[in-house]
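Please read this briefing alongside the sequence and the model shown below.

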Amino acid sequence: MTTPIRILAATPRSAVALLAPKVQRYWLDRPVKWAVTRRDRSVVDSGDAVAVPLFLDGLEPGEDYRLATDLGEVAFRTPVCSGQIDVTEYGAIPDGTDATEAFVRVIEALPLGGTLYVPPGRFITGPLFLRSDMVLHLAEGAELAARADRIGWPILPARDTAGRVLGTWEGLPDASHAALLTAIDCQNLAITGRGVIDGGGSRGDWWTWPKDTRDGARRARTVFLSRCRDVTFTGVTIRNSPSWTVHPHLSEELIFAALAIESPSNSPNTDGLNPESCRRVTIAGLRISVGDDCIAIKSGKRGPITDEPTDDHLAPTRNVTVENCLLELGHGAVVLGSEMSGDITDVTIARCDFVGTDRGLRIKTRRGRGGLVARIAMTDVVMQDVATPLAINAFYFCDADGRSEAVQSRDPAALGQGTPRIADITVENVIARDATLVGVAVLGLPEAHVTGVILRRFAVGFREDAKPDIPLMAEGVPAMLHIPLFSECAEIVGDIDILPAVKEIAPC
């Protein structure tokens, strides 16, 4: 009999287990007792789990362990470590002066397969460049905090010396301030622990110029992975980002598990996790509450439709799994686009909770983008207070020309490289309680209809006290209220079940 426990990832001193991930969403329906023991059966740690993701810390490298729970048990082994260096051994002082140089020296001194250990305390640094075959381990109580001063802040050029895209902004090559943690061409990299990574968005002036450049570059992310492979990111809390929080770009074989990603609801464009032009990405057991989209899957974009397209920066995003996540208060819970010119295909969203987001599953694009969004499946998801649970919009009015007649006209345009296509979207076993605007809103292009939208066991209940608003960011879309289905230029199969309305707002 297969145990309902899955060890998703392990580093030399930590691991992530998923408890009953195929039958629960984010929260467990009851507390589950657990204990980790060594080979000699001595107990390393124990407790009561209330969520599917269980992060285990304080392990030893190259050791056999057993995780025993009310649900069953599973054995696992931690990878070996070639050596651990505490950053304070190189002069970093908690709650002291800028520790950038100490971190740089440790990264240079680490043996292959070694661990940079950050002990409890707040360490202020500028951008750090990680390397292959290393582990960054932040202990419980440790905080890596970006300094407020941008003087001398490294800038990633739009392209490196080989002409490859490096700095990016909203899907196009562009000079960008380096992230607090930047990894370029790295393999076998892990970031883990119970500590905090604070991107410093509220310090300095980052949030005052959301769409501009300063010092010749766009705003920094908090974590940026460029052309990386085999990256594991577990346990940590990432917060207060200058712009997008975690941005993997042109990378593959990525695991993001048991993370918390947080930014204030009014912080501009602080998306939680944005895999762009990536392949084979696992996102499991994340809790995200940010100022923009929680998870935004992208694949680069073509420039304005009046420009000659240059497509060498485009690459597809494929094979992404989002499971057992709690996505709260963002603009969209799981969003595909609007930067999607390189194609986004084969995405599965399963057993998640969406709470208080403007939209649940959201697909957004426009003329000029081109590209394909297809084979997207959302199953076993429960939404609460999500204004529009399913929104598909091929007239999204992004960029300077987004409201132009060429983009927004409802007359059929000529088909071409810039025509986006959306197909094969399956939504199954989804309950959306206390929605406000529209259950399913789909606006396709007259020249390229949205096709293959299938609804199975999709139920929506509306808030009785809600007020009308516009469900899709496109010209000519009116305010709506309590509409089960709004559809133009789309082929939709299936029904929407209507749940009883909520008459009162429950007290906090």
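The points below are grouped by topic.

This is a predicted model, in which local features need pLDDT of at least 70 and side-chain atom pairs count only at pLDDT 80 or more, while totals for chains, interfaces and linings use all residues. Residues are numbered from 1 along each chain as its sequence is written, and side-chain values use heavy atoms, with hydrogens and water left out.

**Nonpolar cores**
- A nonpolar core is a set of buried Ala, Val, Leu, Ile, Met, Phe, Trp, Tyr and Cys residues joined through side-chain atoms within 4.5 Å; buried means under 20% relative accessible area (1.4 Å probe, protein chains only).
- The largest nonpolar core has 91 residues, of which Leu116, Phe233, Phe256, Ile283, Ile349 and Phe354 touch the most other members.
- Leaving aside residues up to four places away in sequence, Phe233 has contacts (heavy atoms within 4.5 Å) with Ile191, Ile197, Val223, Ile238, Val246, Ile255, Phe256, Ala257 and Leu259.

**Strand β5**
- Strands are DSSP runs (E, at least two residues), numbered from the N terminus.
- Because 5 of the 5 residues of β5 (residues 53-57) are buried, this strand is largely enclosed by the rest of the structure.
- Pro53, Phe55 and Asp57 point one way from β5, and Leu54 and Leu56 point the other way.
- In a regular strand, side chains alternate between the two faces of the sheet.
- Strand β2 (residues 14-19) pairs with β5 in the antiparallel sense over 5 bridges; pairing requires that DSSP finds at least two bridges between two strands.
- Within β5, Phe55 is the bridge partner of Val16.

**Ala296**
- Ala296 lies in strand β29 (residues 295-297) and counts as buried because its relative accessibility is 0%.
- Not counting residues up to four places away in sequence, Ala296 touches Asp271, Leu273, Asn274, Pro275 and Val335.

**Pockets and cavity**
- On a 1 Å grid over the protein atoms alone, a cavity is a set of points where a 1.4 Å probe fits but cannot get out, and a pocket is an open set with protein on both sides within 12 Å along at least five of seven lines; lining residues have an atom within 4 Å of a point.
- The largest pocket holds about 510 Å³ of space.
- Of the 23 residues lining the largest pocket, Glu170, Lys211, Asn269, Glu339 and Tyr396 are the closest to its centre.
- The second largest pocket holds about 380 Å³, and Pro53, Phe55, Arg194, Gly235 and Ala258 lie nearest its centre.
- The largest cavity has a volume of about 30 Å³, and its lining includes Leu156, His177 and Arg221.

Conventions. Buried < 20%, exposed > 50% of the residue type's maximum accessible area, 1.4 Å probe, protein only. Points joined across faces, edges and corners; volume = space filled by probe spheres on them. Helix = DSSP H or I, 4+ residues; strand = E, 2+ residues; numbered from the N terminus.
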